[in-house]
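Here are a few friendly notes to read alongside the model.

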Amino acid sequence: MKKIISMGIASAVLSLTAVAAFAEANTAEAPIVDILPAEGSENAVSGEQYVVDIFTTAETQAIEFYVEWEGLEFVSAETPVGTFKANNSLGKNKYNAFKGISEGQTLVTLTFTVTADVGEPISVSLVASDDAYASAVEGIELNAVAVDDDNSDISGDSGDSGESGESGDSGDASGAKPGDKDNPGTGIALAIVPAVLAGAGVVVAKKRK
């Protein structure tokens with residue numbers, strides 16, 4: 001009897017361990033930064049300034065990445081946390097921060113001048129500095145088209161979003177930062193735990209009879 005009960009408990013523990021590993025894997029793979037146009041920069045006007053915010057979508061202890069752009073000329077960088085070096089010795093524009101960073105924290109605000117002609121594309125994208133940070137910035141890119149005045153329509157996206165100035169659920173074109181996010185994959189995985197525990201209980205109950 002004790003052996004049967006022990007086996008049931010062991011099965012439940014293994015299931016919980018698997019769920020924890022699943023949740024950790026999903027968290028590690030999810031990007032933890034995003035880009036949005038700053039307030040007042042919803043349109044990239046040819047010859048005018050264009051400002052973007054790069055911010056976190058999850059809490060992290062350290063982050064490092066390169067920033068690349070097209071159709072833009074770098075003007076300045078403001079870094080509430082961490083440091084940003086434009087055109088460093090490697091010819092890349094590098095940001096890093098090595099301390100606890102909260103969710104929704106603005107990492108760096110970049111100001112550019114739009115050099116693209118009207119109708120030409122502009123982009124700001126993040127590239128991992130090494131494999132350790134690859135998942136943190138994977139697929140993060142802000143795309144738009146230069147226009148000739150502030151009232152013109154602009155099409156752009158950040159990450160996987162196809163709408164102007166939006167990036168999934170992380171914020172809107174006004175520069176809003178993301179709130180708490182659920183992890184659907186983890187929620188699904190957690191749902192299997194009660195079923196496993198219930199199954200273990202049935203086995204024990206049958207053996208008692």
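1. Helices (DSSP runs of H or I, at least four residues) and strands (DSSP runs of E, at least two) are numbered from the N terminus. With that in hand, Q49 is found in strand β2. Please keep in mind that this is a predicted model, where local features need pLDDT of at least 70, side-chain atom pairs count only at pLDDT 80 or more, and totals for chains, interfaces and linings use all residues. Residues are numbered from 1 along each chain as its sequence is written, and side-chain values use heavy atoms, with hydrogens and water left out.

2. The protein chain has 4 helices and 10 strands. Their order along the sequence is α-β-β-β-β-β-β-β-β-α-β-β-α-α. Of its 209 residues, 39% count as buried, where buried means under 20% relative accessible area, exposed over 50% and partly exposed in between (1.4 Å probe, protein chains only).

3. Contact here means heavy atoms within 4.5 Å. Among contacts in the protein chain with a separation of 6 or more, 72% are between residues 24 or more positions apart.

4. Which residues does Q49 touch, not counting residues up to four places away in sequence? They are V75, T111, F112 and T113. Q49 and F112 are 63 residues apart in sequence, yet their C-alpha atoms are 5.5 Å apart in space.

5. Q105 sits in the loop between β6 and β7 (106–114). Because its relative accessibility is 22%, Q105 counts as partly exposed. Its contacts, leaving aside neighbours within four places in sequence, are I54, F55, T56, P80 and V81.

6. Is N96 buried or exposed? N96, in strand β6 (residues 93–97), is buried, because its relative accessible area is 19%. Setting aside neighbours within four places in sequence, N96 is in contact with I63, E64, G82 and T83.

7. E48 itself lies in the loop between β1 (33–37) and β2 (49–56), and E48 is partly exposed, with a relative accessible area of 47%.
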